[in-house]
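Subject: Structure handover

Hi,

Here is the structure I promised to pass on. My notes follow below it.

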Amino acid sequence: MNFTLLSQQLLNGLAVGGVYALFALGYTLVFSILRVINFTHGALFALGAYFTYALTGSAFGFNGLFANSALPFGLPFPLAVLLGGVLAGIVGMGVERIAFKPLRERGADPLLTLVSSLGMAVIIVNLIQLLVGAEIYSYPQTVLAAFPPALVFGSGASAIRIRTVQAIIFGVSMVLVVLLTLLINRTRLGKGLRAVSEDGTTASLLGINTDRLILFTFFLSGFLGSIAGVLIGLSVGIAGPYFGIAFGLKGLAVMVLGGLGSIPGAVVGGFAIGLTEALVPPEYVAYKEIIAFLFLFIMLLIRPQGLLGRPQIQKV
């Protein structure tokens, strides 16, 4: 593999790793607060992509209750992405109120909450299929019409080319990761989230509204999942209602690799898996999906707390 090809593959790996990191952050936020994995996250990933598609004024296909229909208006793509993320975040809040809060108030076993979230994921995915079918959708070509198809670095035979959409994916992912980091570390809201993450009961006794912060966490998680879904849809299309499931499993691997509940760990894990997948030789590309789970298996054996995670302390 020559230097030019290697550089292109590494740039592609950074773009994909950025999306993995962004997606895994949604898992990490909820887990850090409730110590429960939110399996609905993969469904919100797909739902946000569909919301954005509809808000651009694009028509749905020939299947589903919304067959051949479209909104009477179309928003500019950036605005559609933001509003789609907000809508997905609101659905995430609904999931918290329906699938998480009742069990949390009863002190139910975390396993029941996990099963409840899995049930909500199945409901959302099947509702998507009922409404718009299982066809593959692509965002309008006008979305990137103002940009060149590829960015070229250098000249001649050593020129490095990267698809513009990959550069956009990486840029958007990094901006959101930085903004989330600033939110968690530099704002009063972030301090409240960290307090609830450390000890929800003590935080509540100190006057922190834990219920409101948990609700906000689910909104933020759904918003991040939606943006990740749009970025992947922009690159390869919206591959049906279930296309968030595969990313959901990979997001779990990223979270475990980086460290359960660790925001920096989710970022490191995302880039580690993205870059490793990009370096898979072309003749073995069909098997690259096992990389994330191979990392997961090895990490559980060697360092169960993940790269940047802390060992879990059992309270007795």
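**Salt bridges first**

K250 counts as buried, because its relative accessibility is 6%. Its partner is E277: the two form a salt bridge, with the closest N and O atoms 3.0 Å apart. E277 sits in helix α10 and K250 in helix α9, so the pair ties together parts that are 27 residues apart in sequence. E277 is buried as well, with a relative accessible area of 6%. Please keep in mind that this is a predicted model.

The structure holds 8 salt bridges. Some of them join up: E96, R97, K101, R104, E105 and D211 are linked in a network. I looked at two of the pairs that R104 makes.

- E96 with R104: a salt bridge, the closest N and O atoms being 2.8 Å apart. E96 counts as buried because its relative accessibility is 0%. R104 is partly exposed, at 29%.
- D211 with R104: a salt bridge, the closest N and O atoms being 3.4 Å apart. This pair links distant parts of the chain, since D211 is in helix α8 and R104 in helix α3, 107 residues apart. D211 is partly exposed, with a relative accessible area of 25%.

Helix α8 covers residues 210-236, 27 residues in total. From first C-alpha to last, α8 reaches 39 Å. That is close to the 39 Å expected at 1.5 Å a residue. How many of the residues of α8 are buried? The count is 22 of the 27, so α8 is largely enclosed by the rest of the structure. Just after α8 comes G237, which takes a positive phi of about 95 degrees.

K250 lies in α9, so that helix comes next. Helix α9 runs over residues 243-258 and has 16 residues. At 1.5 Å a residue, α9 should span 22 Å. Its end C-alpha atoms are 23 Å apart, which agrees. Helix α9 is mostly covered, with 13 of its 16 residues buried. Just after α9, G259 takes a positive phi of about 125 degrees.

G269 counts as buried because its relative accessibility is 0%. Which residues does G269 contact, leaving aside neighbours within four places in sequence? They are V254, L257 and G258. The C-alpha atoms of G269 and L308 are separated by 9.3 Å. Along the chain, those two residues are 39 residues apart.

*T40.* Here we are in a loop, the one between α1 (3-34) and α2 (41-55). Is T40 buried or exposed? T40 counts as buried, because its relative accessibility is 0%. A polar atom of the T40 side chain lies 3.0 Å from the backbone oxygen of S117. S117 is also among the residues that T40 touches; the others are V95, M120, A121 and I124, not counting residues up to four places away in sequence.

*V165.* This valine belongs to helix α5, residues 164-186. At 6% relative accessibility, V165 counts as buried. Residues up to four places away in sequence aside, V165 touches L144, L234 and S235.

**A nonpolar surface patch**

L65, F66, I123, L127 and L130 make a nonpolar surface patch of about 490 Å². One of these, F66, lies in the loop between α2 and α3 (77-105). Why does F66 count as partly exposed? Its relative accessibility is 39%, which falls between the 20% limit for buried and the 50% limit for exposed.

**Where to look in the viewer**

1. R104, with E96 and D211 as salt-bridge partners.
2. The E277 and K250 pair, which ties α10 to α9.
3. The patch that includes F66 and L127.

Best wishes

Notes. Residues are numbered from 1 along each chain as its sequence is written. This is a predicted model: local features need pLDDT of at least 70, side-chain atom pairs count only at pLDDT 80 or more; totals for chains, interfaces and linings use all residues. Side-chain values use heavy atoms; hydrogens and water are left out. Helices (H or I, at least four residues) and strands (E, at least two) are DSSP runs, numbered from the N terminus. Buried means under 20% relative accessible area, exposed over 50%, partly exposed in between (1.4 Å probe, protein chains only). A polar contact is a pair of N or O atoms within 3.5 Å; within protein, one must be able to donate a hydrogen and the other to accept it, and residues adjacent in sequence count only if both atoms are side-chain atoms. Contact means heavy atoms within 4.5 Å. Patches are made of residues with over 30% relative accessible area and no salt bridge: like charges are joined within 9 Å, nonpolar side chains (Val, Leu, Ile, Met, Phe, Trp, Tyr) within 5 Å. Accessible areas come from the Shrake-Rupley method with a 1.4 Å probe; for residues, only the protein chains shown count as cover. A salt bridge is a side-chain nitrogen of Lys or Arg within 4 Å of a carboxyl oxygen of Asp or Glu. The expected span of a helix is 1.5 Å times one less than its number of residues.
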